[in-house]
Structures are given as C-alpha cells and as structure tokens.
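Thanks for asking me to look this one over. Please have the model open while you read my notes.

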Amino acid sequence: MTTLTNIWQLARPSIKKIKPYSPGKSSQEVKEELGIAEVTKLASNENPLGPSPQAVAAMQQAADSVYVYPDPLCRDLTEALADHWEVDPEGIVVGRGSDEVIHMLGLAFVNPGDEVIYSDPPFALYPLTTTIMDSQAVAVPHRNFVHDLPAIAEAITDKTKMIFISNPYNPTGTIVTAGQVDEFMDRVPDHVVVVFDEAYYEYVDDTEFGEGMPYVREGRAAIVLRTFSKAYALAGLRIGYGMAPPPLSAVLKQVRPPFNVAGMAQAAALASLQDPHQVQRSQRMVQEGKQYLYNKFDEMGLDYVPTQANFILVDVGIDSQECFDALMRQGVTVRTGDIFGLPTHIRVTIGTAEQNERFIGALGEVLSS
Ligand SMILES: Cc1ncc(COP(=O)(O)O)c(C=O)c1O
C-alpha cells in the first residue's frame, strides 16, 4: 500500500498555508479526558435554551422525507425570509450555515492576488476563505476592541476585492454604529464587496447599531449575513443566509452546490422564523446573564469588554491557556484569548443562569488558587 508521502505536492498550493481550525474540545472529549460527568460548555456561543418547539416538530415531520433530496432553492424559507425582512427574495442565498455563504463569497468573487480586508483578530472563516482563494489577507488591528473602520477604509487599494465586518465583532462583542458605518461606506469604492456578518444580530440592543441592510436596499455591493445558529439555537443543523442586491446574489448562486441545505434544516428554520417567543426568551436570558456576569466581574475586579452579543471577553489577569485548563478541570469550557492575540483574556458564552453561576464559581476557584 502506498503511504502517499507526496500527496501534498498534488494539493492546491494555497491550502498548504492553512493553519487547522481549532474548534475547542467537545463536551464528550472533556468528559472522557477528565472523567467528569457534567460539562458546562461556554466556548462556542451556542444557545443552551435550545430551538423553538415548533422547529422541533417541523424537523420531526421533515424526518419522514429525508430519502428525497431537499428543495435546492429553499423556496419556502426564502419567501418567508423575504417577507420577514421586506427584501426581494431574489437577493437571498441560503447556506449550510453562514460559514458556507462566506465560502461561496470567496469562490464567486475572490481571485488569486486580490486583497481581502478584515479586522485582527478575525472570525476564523475570513482568513480561511482568503487563504483557500490564494488571495492576500490585509488584517487591520482593532482599536480598543472595536473595528477600526477609518483604518480599514485607509487600507483599501485597487486590488481590494472584499471586506469582512462582523458586527457585533466576534471575539470582542462590540459594535460599530450607524454613523460610523455610513462614513465608512462613503469611502468604499464600487469594486469592493462589503460583507456585514451579523451572526449575533438578534442579541443587539444598542439603538446606535450600524446594520448592513440599508446598503443592500440601496443596491450597493454589500451583503448581510445572518444565521439560525445563535438566537434560533439551530447550530447543529447548519443553516444561515445572505441578503444582497439580486445582481450580487446571482453571482453567488453560480457557486452554490445543489441541494446544499438539508430539508430538516429548511423546515426547522421556517418554523423558527414563525415563533418569535423562542428568540425573545433567548434575548432575555442573554440580557439577564450579561448583567449577572458584569456584576460578578466587577466584584472580582476583572476588566471586561461590554458586549452586544451572547459572549463576553474578559481579562482574567493570568495566562489564558492556564485559566482554560483549570476551568476545564472544573467542568467548564471557554475560549482562550491567546488564539486572538489576547493572552490574558478568555471569551465566555453567556449561558443559562445556572451555567453562568457554575462558571463564576469555577472562575473564582481558579483565580483564588
Ligand atoms: C461572526 C460569525 N460569523 C459567522 C458564524 C458562523 O455561523 P454559522 O453557524 O451560521 O455558520 C459565526 C459562528 O460562530 C460567527 O461568530
């Protein structure tokens, strides 16, 4: 049998540069490694309240039809989204998570040698897509944990093809305001596609928030990404979408794999959209959890970044990897800041009241030992 030692010579050269994505440990891995019965996972900004009961019922019903391929155009969901957001259905592209829409954006628009701008630290999919497409990453440092939009505008060149802005910003939870985004968009030329990645949109309560939709409605080269993974609690189904002016979406659809979104995912997303209560419950949980964690961090004398998402970046004042390991031994998982260039920060997802209390208990133990 061949050992395929030369297989990398056959690979696309660009992908050799990719550093493997580190997803963090699954709860199962932690349980097995440490022999503990219960793990509180606050590492991936999931929603522990779980999906709408209507979504679960819709999945159960859709389960009977899994032997047929799903609707490749996601027609029912697309119509419902178009009604919900009052946009042209032609402009909507549904993906296997908004992750897949990010990949499609790369495939459809980004050529080797093009420049792609994002903030440093970025959400992991932006550098991944940029590298796969053999394009040039331009990473612009954040300013006080906020996207530095003037510096990003300054970094635009003739070669710039795409700009990613996650708003709220993962991993800091901050937003850029409507005024800031307006000034920025005034400086963006027509040859640049601006991606407003609004994965945490439903959690934002700051009225100054700078949404991307006005630019989509104006017909700019802009796309807004939203997801059912966060507030709608369907992360495991993999379904998200982009909303763009129809001509931009037509380009994206050229690279969409047929049947990319599972029928159960389409059915669950459609039912979720029709149940406002589940999102309201999730918003309430995050608002209450945020206040509780702020109070506890204040009591503990820890600096944190005020958030508009369902996670908080907090400076624990010790090595983030050590803090992570010690928290894990207590059955709590978070994200270390070192991967974001923040060696004494951790990023913790806001969970249920019980999960937040367990996290604070464990953190107290870690920091006092
Ligand atoms: C900023 C941002 N964009 C996109 C995603 C991907 O979401 P999805 O599950 O829809 O692929 C995430 C997930 O964590 C995220 O934080």
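1. First, the ground rules. This is a predicted model, in which local features need pLDDT of at least 70 and side-chain atom pairs count only at pLDDT 80 or more, while totals for chains, interfaces and linings use all residues. Residues are numbered from 1 along each chain as its sequence is written.

2. Overall fold. The protein has 14 helices and 13 strands (DSSP runs numbered from the N terminus: H or I of at least four residues for helices, E of at least two for strands). Its C-alpha trace spans about 60 × 55 × 50 Å along the principal axes. The radius of gyration is 21 Å, which agrees with the value near 21 Å for a compact globule of 369 residues (taken over C-alpha atoms; the rule is 2.2 Å times the number of residues to the power 0.38).

3. Burial. Of the 369 residues, 44% are buried (20 or more other C-beta atoms within 10 Å of a residue's own; exposed means 12 or fewer, with C-beta atoms placed from the backbone).

4. Strand β7. All of this strand is worth a look: 6 of the 6 residues in β7 (residues 222-227) are buried. In a regular strand the side chains alternate between the two faces of the sheet. Here A222, V224 and R226 are buried on one side, and I223, L225 and T227 on the other.

5. Neighbours of β7. Strand β6 (residues 193-197) runs parallel to β7, joined by 4 bridges, whereas strand β8 (residues 240-243) pairs with β7 in the antiparallel sense, also over 4 bridges (pairing needs at least two DSSP bridges). L225 is a handy landmark: D197 stands opposite L225, and G242 is the bridge partner of L225 in β8.

6. Helix α4. Which residues of α4 (residues 75-85) are buried? They include L77, T78 and L81. These lie on the same side of α4 because they cover an arc of only 100 degrees around the axis (from the directions from the helix axis to the C-beta atoms). R75 and D83, on the other side, are exposed. The cover over the buried residues includes β2 (92-95), β8 and α11 (263-273) (contact means C-beta atoms within 7 Å).

7. The ligand. Around the ligand are 13 residues, of which G97, D99, T227, S229 and G240 come nearest (near means a C-beta atom, placed from the backbone, within 6 Å). The shell divides into 3 nonpolar, 8 polar and 2 charged residues, with Gly counted among the polar ones and Asp, Glu, Lys and Arg as charged.

Definitions and conventions. Two residues are in contact if their C-beta atoms, placed from the backbone, lie within 7 Å.
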